[in-house]
Each structure stands twice: as C-alpha cells, then as structure tokens.
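Please examine the arrangement of the two chains shown below.

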There are 2 protein chains.
Amino acid sequence: MNIIRPIQLFEDTVTILDQTRLPREEVWLELVDYRQMIEAIKMLRVRGAPLLGLAAVATVILAAIKYISDDDFVKKMDAVCWEIDASRPTAVNLFKATSQARKILHGSINSREAMEGFRKLYTSLYEYEETACQRIGINGAGLFPQSKKLNLMTICNTGSLATVGIGTALGVIRTLHQDHEVQVFVTETRPLLQGSRLTMWELQKSGIPATLITDNMAGWVMKTNTIDAVLTGADRITANGDSANKIGTLNLAILAKYYNIPFYMVAPVTTIDSSLKSGSEILIEERDPGEVSSIGNQVIAPEGIEVFNPAFDITPASLIEGIITDKGVFKPPYQLDKFVLWG
Amino acid sequence: MNIIRPIQLFEDTVTILDQTRLPREEVWLELVDYRQMIEAIKMLRVRGAPLLGLAAVATVILAAIKYISDDDFVKKMDAVCWEIDASRPTAVNLFKATSQARKILHGSINSREAMEGFRKLYTSLYEYEETACQRIGINGAGLFPQSKKLNLMTICNTGSLATVGIGTALGVIRTLHQDHEVQVFVTETRPLLQGSRLTMWELQKSGIPATLITDNMAGWVMKTNTIDAVLTGADRITANGDSANKIGTLNLAILAKYYNIPFYMVAPVTTIDSSLKSGSEILIEERDPGEVSSIGNQVIAPEGIEVFNPAFDITPASLIEGIITDKGVFKPPYQLDKFVLWG
C-alpha cells in the first residue's frame with residue numbers, strides 16, 4: 001500500500017514530515033536537537049498517538065547524543081523525560097515511551113549502554129507499530145461482510161501520518177478498500193483540520209474515494225446516506241472502555257447511536273491504560289484559544305472573546321460497539337484490565 | 001437594547017452592513033441596482049431568514065426604481081421576483097416576500113401604484129419583524145425559571161444582524177439577560193462561521209457573557225457543563241414541526257436529546273410553511289465546495305477532492321421540545337397548519 005514514513009531516525013538526526021504544513025507543502029525537517037523535537041510535538045508537526053510514542057523515543061535519542069559525555073547524564077536525561085511528558089498531557093503513548101526509556105536509563109551501566117538501549121527501543125517500537133496496524137486492519141476488516149459497498153465515516157487523521165504503519169482507523173479502511181467498494185466521509189476536524197488537511201491528503205494519495213464534510217454535517221450525512229460504520233482512533237482507552245480521542249469523537253459516537261450506526265474505536269492495545277478505571281480519570285489537554293479564534297493567519301472571531309479549546313473528549317464505553325486492536329476486537333462489557341478478547 | 005440595523009432603505013438606495021466582512025471590518029455598502037442586492041443575498045452579505053424577507057422587498061424596490069417608466073414593467077418585475085426566488089432556494093421568507101410583491105404588482109393599476117405598495121410592504125414587514133422579535137423574546141424567556149443562572153447554547157447568527165429586531169434565538173437570550181445571569185456557548189458554525197464572526201461580535205457588543213467553541217465540541221460542553229437549553233433559529237418550519245435550519249442544527253438537537261437538554265426552535269410564525277407536511281418536502285440548498293475546502297483565502301484541503309456542502313439540515317419534530325414564536329410557544333405534537341398554541 002502507498003504509505004508515507006512521517007518519522008525517520010538517522011545516526012545523529014531525526015527527519016520528520018511537518019504535518020502542520022500539509023496539504024499545501026510537503027516539508028521535511030531535519031532535527032538535530034532534542035528541543036526541536038519537543039517543539040515539533042507541542043506544535044503538532046508530529047502527531048497521532050502511535051507516532052508520538054516514536055517521537056518521544058527519538059527525542060530521548062537526540063538528548064542522549066547531546067549529553068552522552070556529561071557526568072550528570074542520568075539526571076539530565078531524567079529531566080528530558082519529564083519535558084517530554086509535559087509536552088502533550090493526554091497522549092498515553094508519550095508516557096509509555098518515556099517510562100520505558102527511564103527503565104533503560106536507570107538499568108544501564110553507562111551512557112553508551114543506555115544509548116544502545118534507546119536505539120533498540122526505537123527499532124522495536126517501530127516494528128511493533130507497523131505490525132500492529134497491519135493486524136488492526138485485518139481484525140477490523142473481518143467485522144464487515146464480504147463484497148458489500150461500504151460507506152464509512154472517520155474523524156481526524158489515523159493514517160500513516162499518525163502511525164508509521166498503514167494506520168489504525170485508516171488502516172481498517174485501507175484494508176477494506178482492497179476487496180470492497182469503499183466511500184469515506186471525512187470530518188474536517190476543527191480546530192486543527194487534521195481531517196481536511198491530512199486524511200483527505202492520504203486518501204487522495206491512496207486513491208480511496210473520500211468526501212470532505214465540516215464537523216457539523218455529520219448528523220445530516222448519517223441521515224441522508226447509509227453509513228455502515230464510524231471508525232475513529234483513540235488516544236487513551238481506560239479499563240472500562242471509556243476512550244479519549246480527538247475533540248468531536250464524542251459527537252460522532254452520540255450521532256451514530258441515534259442513527260443505529262456501529263461506532264468503533266480503533267487502536268493498538270498499547271493505547272489501553274488499564275491503570276485508569278474510567279474516563280473520568282483522564283486529564284484533558286486544553287490548547288491555545290487562538291486555534292479556535294483564528295485559522296492559520298486568518299482571524300475569524302472578535303478580539304478579546306472567551307474561547308474553550310479542549311483537544312480531546314471522552315467517549316463513554318456505552319456508545320462503543322467494539323474496540324478494534326491488534327490483539328482482536330473487544331466487545332462490551334469492556335474489562336480491558338483482563339484483555340478478554342471477542343471473536 | 002444595543003442592537004444594529006443591518007438594512008436601511010432610502011429614497012433611491014439601500015444600505016446594508018456587509019456581514020461577510022465582520023468581525024474585522026464594519027463595512028456599509030450603498031446599493032443602487034437591484035442586481036447588487038441579489039449578489040448580496042447570494043454571497044450572504046445579508047443573511048438570516050427574517051432579514052432575507054426584507055432584503056427581497058428592498059430588491060423589488062430597487063428594480064421598480066429602475067423599470068418604473070418601462071412599458072413592460074410588469075413583465076420585468078415578474079422576472080426580478082423569479083431571480084430573487086432563485087438566489088437562496090431554502091429560505092421561505094424570500095418566497096413569501098416575492099409572493100406578496102407579485103400580488104401588489106398584478107393588483108396595481110400602474111407602476112407608480114405598485115411602487116407605493118412595495119414601499120408599504122417594506123415598512124409593514126420591518127415593523128412586523130421588529131415586534132415579532134420582541135414577542136419571541138418575551139415568550140421564550142417565560143419558559144425559564146426566574147433568577148436562575150442559565151447556561152445556553154446556540155448556533156449560527158439569529159440576532160439583530162439576522163432580523164432587524166433583537167433577534168430570534170438571540171432575542172430570547174437578550175431578553176433572559178435582562179434579569180438572569182446568562183452564559184452562552186456559541187458554536188462557530190462552519191463553513192461560513194456565522195457563530196464566531198457574527199454572534200460573538202453581537203454578544204460582545206451587548207456585554208452578554210459568551211464562550212466560543214468549534215462545532216465538534218458541543219457534545220463535550222454538554223457533558224462537562226450544565227446546559228439549560230439549546231436555542232436555535234429556523235429557516236423553514238413544516239406543518240408537523242420538522243424544521244430546516246443552518247447545517248449543524250440537527251447535530252445539536254441529537255446531542256441535546258442524548259443529554260436530556262431541552263432543544264428549542266425560535267422563529268416568527270412567518271417562518272412556518274404549512275403548505276409542507278414534513279421535512280422530507282424541503283429542498284436543501286447545496287453551496288460551493290470551496291466554502292468547505294478553504295476558509296477565506298486560505299486553502300485547507302488538497303485540490304481536486306470531493307466535498308459535500310449542504311447549507312441546511314432538517315431537525316425532526318421529535319427532537320424539538322418547543323417552537324418559540326411571536327404567537328406563543330408550540331409544543332408537540334405539532335399541528336402547525338392549525339396554529340394550536342401552548343401555554
């Protein structure tokens with residue numbers, strides 16, 4: 001399949017595709033300092049839960065290159081891990097990656113051994129994510145009858161740009177596209193427009209028929225078209241199945257329930273954070289009001305107004321028909337601390 | 001109350017506030033040719049169901065000024081009425097206004113008498129709309145308990161900019177604000193951003209506390225705040241209560257139902273089109289794909305993609321707690337051909 005590699009690790013540098021400049025420009029940035037990587041994470045130049053895990057390890061590696069000969073290597077690297085954790089407070093993949101990096105850091109006899117460990121972690125995580133997407137695609141596609149024309153809806157970007165593999169929700173769609181006639185409705189995903197900028201770009205590149213809509217058209221599209229399923233990614237899934245994902249996901253789940261359309265969360269099992277019992281324990285990142293009151297350099301609201309800008313919302317388990325993972329499809333009631341698989 | 005007059009008729013000209021340039025610039029246009037008015041209607045320089053009725057009559061008057069001495073005055077004016085009808089296919093107020101103008105046209109002995117009739121129609125419609133908004137405000141405010149802090153949600157613009165009066169949904173909010181502590185959540189209303197551009201501007205001017213959100217945040221705001229009611233305008237209400245309004249209204253109605261929040265349609269009774277039995281008979285205007293794939297001059301999606309851009313959606317009567325009008329508040333089951341009032 002025609003997919004893109006949005007992060008690439010080299011000897012002393014990391015190359016990333018600057019996703020904030022898509023779809024107009026395909027700009028690749030060569031980063032040499034770990035702080036550039038943290039800036040790229042904060043500014044969403046790299047984004048998407050699985051890709052963020054890799055970006056975190058790449059950040060650790062760039063920092064380790066910088067500090068490898070310093071006496072206080074461990075102390076400095078610990079601080080870097082905290083900096084990474086603080087860059088995006090909702091994405092569990094960041095914390096999982098830094099947690100593994102910390103184990104390597106404190107379990108190594110010196111900075112060279114730690115560095116070797118970090119690079120192995122990167123490679124194994126990369127391979128894991130790539131394979132996970134493939135398995136997710138197969139598991140998700142298995143939910144749909146053969147040779148049926150499928151109308152699907154998705155939000156945000158969950159493709160190669162978010163995962164390094166074929167994608168999560170988009171991975172299922174790509175897999176379905178191999179032997180189904182597929183039509184995808186993509187919500188633009190305000191404020192940052194990952195749907196219109198990134199998903200439409202990926203789907204166009206892959207030749208998968210797609211139609212762009214604004215977020216507030218979703219109900220009307222469900223009413224006027226036969227939608228077979230809504231497929232979205234997830235940034236964090238708790239033990240009871242409540243799931244944090246891009247703001248707007250909750251809207252789609254409620255609308256899908258009203259129209260009796262199955263709503264699926266799609267994510268690798270690494271997105272499950274079984275230390276959290278339910279969604280009420282998830283911290284929701286609030287971002288700059290300017291993301292809502294302007295679009296790019298264009299101001300679209302009066303100055304000095306109040307804005308609410310949560311980056312995520314939490315979809316309750318009761319609205320989720322199934323959670324499609326690399327380890328299988330979970331069905332309610334969700335008891336994800338036990339990883340009980342369905343089907 | 002601090003309200004604005006977005007259309008003003010003079011001897012030979014019509015002055016309008018160009019709503020496409022708000023909130024950054026307050027540009028007043030002086031129009032002398034009826035075709036400029038039609039362009040202004042099409043481009044949404046004037047918009048909002050009640051204001052469109054007035055704009056239609058103003059268009060007729062400018063055309064009558066142009067053709068008053070022509071032999072084929074009636075034929076030319078008939079053609080103008082068709083042009084007006086074709087400019088925005090969903091707004092019933094346009095058709096009602098041209099229908100009245102046609103009656104005057106064909107019932108007058110000459111062009112001077114017709115002109116006099118058009119001007120009287122304009123004045124009486126203006127007064128009707130202004131009074132209707134005031135009554136709507138009082139009727140709507142009566143639904144809420146005294147001295148309670150109210151969290152309200154609205155979409156698009158239904159204020160002075162849309163109505164020449166205090167507004168419909170915004171008229172209720174303005175009236176409530178006189179003796180309640182009010183907090184309004186305003187959805188930005190993509191693609192044309194009437195919520196962020198116009199409603200936030202009006203509410204700021206009137207000192208009514210308001211918070212701007214993107215359309216896809218509505219569910220999360222309902223989940224995390226106590227919302228007392230959703231109030232929206234309506235462009236066309238059918239006999240059974242099904243209502244066409246700005247795209248995104250249906251989303252809000254479904255979300256409100258899920259969270260047990262009362263959802264009210266707010267409009268003068270002139271918006272009721274009892275010749276239509278249900279929403280399935282309403283024609284939905286589809287607008288230029290460019291409104292979705294770009295914002296202002298900024299392209300936000302790849303070139304050559306498919307876009308779906310319906311300007312309105314239809315909210316089924318079953319989701320509507322009440323229809324607040326100048327003649328009272330209708331409650332389900334709606335039988336609006338009989339105008340049975342509630343309360």
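Two strands are said to pair if DSSP finds at least two bridges between them. Helices (H or I, at least four residues) and strands (E, at least two) are DSSP runs, numbered from the N terminus. This is a predicted model, in which local features need pLDDT of at least 70 and side-chain atom pairs count only at pLDDT 80 or more, while totals for chains, interfaces and linings use all residues. Residues are numbered from 1 along each chain as its sequence is written, chains are lettered from A and ligands numbered from 1 in the order in which they are written, and side-chain values use heavy atoms, with hydrogens and water left out.

Thr211(A) stands opposite Glu306(B) in β14(B). Here β6(A) and strand β14 (residues 306-307) of chain B run parallel and are joined by 2 bridges. In general, strands of a sheet pair through backbone hydrogen bonds, either parallel or antiparallel.

This pairing belongs to an open sheet of 8 strands with mixed pairing, in the order β17(A)-β16(A)-β10(A)-β7(A)-β4(A)-β5(A)-β6(A)-β14(B). Its edge strands are β17 (328-330) of chain A and β14 of chain B, each of which pairs on one side only. Within the sheet, strand β7 (residues 229-232) and strand β10 (residues 263-266) of chain A pair in the parallel sense over 3 bridges; Leu231(A) stands opposite Tyr264(A) in β10(A).

A second open sheet, also of mixed pairing, contains 8 strands in the order β14(A)-β6(B)-β5(B)-β4(B)-β7(B)-β10(B)-β16(B)-β17(B). At its edges stand β14 of chain A and β17 (328-330) of chain B, each with a single partner strand, so one side of each is left without a neighbour in the sheet. Strand β16 (residues 322-325) of chain B pairs with β17(B) in the antiparallel sense over 3 bridges, and the bridge partner of Ile324(B) in β17(B) is Val329(B).

How many residues of each chain take part in the contact between chain A and chain B? With contact taken as heavy atoms within 4.5 Å, 57 residues of chain A touch 57 residues of chain B. The two chains bury about 4,600 Å² between them, 66% of it on carbon and sulfur atoms; buried area is the accessible area (1.4 Å probe) that two parts lose on being put together, summed over both. On the side of chain A, Asn216(A), Trp220(A) and Phe308(A) lose the most area to chain B, together 17% of what that side buries.

Arg190(B) forms a salt bridge with Glu188(A), and the closest N and O atoms are 2.7 Å apart. The elements that give two or more residues to the side of chain A that touches chain B include α8 (194-206), β6 (210-213), α9 (218-224) and α10 (249-258) of chain A.

The same surface serves both copies, as 100% of the contact residues of chain A recur in chain B.

In chain B, strand β8 (residues 236-238) and strand β9 (residues 243-246) pair in the antiparallel sense over 2 bridges, with Arg236(B) opposite Ala244(B) in β9(B). These strands, β8(B) and β9(B), form a hairpin with 4 residues between them, and Gly241(B) in the turn has a positive phi of about 95°. On β9(B), antiparallel pairing over 4 bridges also links the strand to strand β15 (residues 312-315) of chain B; Lys246(B) stands opposite Phe312(B) in β15(B).

Some backbone features lie in loops. Most residues other than glycine have a negative phi, and most peptide bonds are trans. The peptide bond from Arg190(A) to Pro191(A) is cis, with omega near 5°, and Pro191(A) is placed in the loop between β5 (182-187) and α8 of chain A. Val164(A), although not a glycine, has a positive phi of about 70°; its place is in the loop between α6 (160-163) and α7 (169-179) of chain A.

Terms used
Salt bridge = Lys/Arg side-chain N within 4 Å of Asp/Glu carboxyl O.
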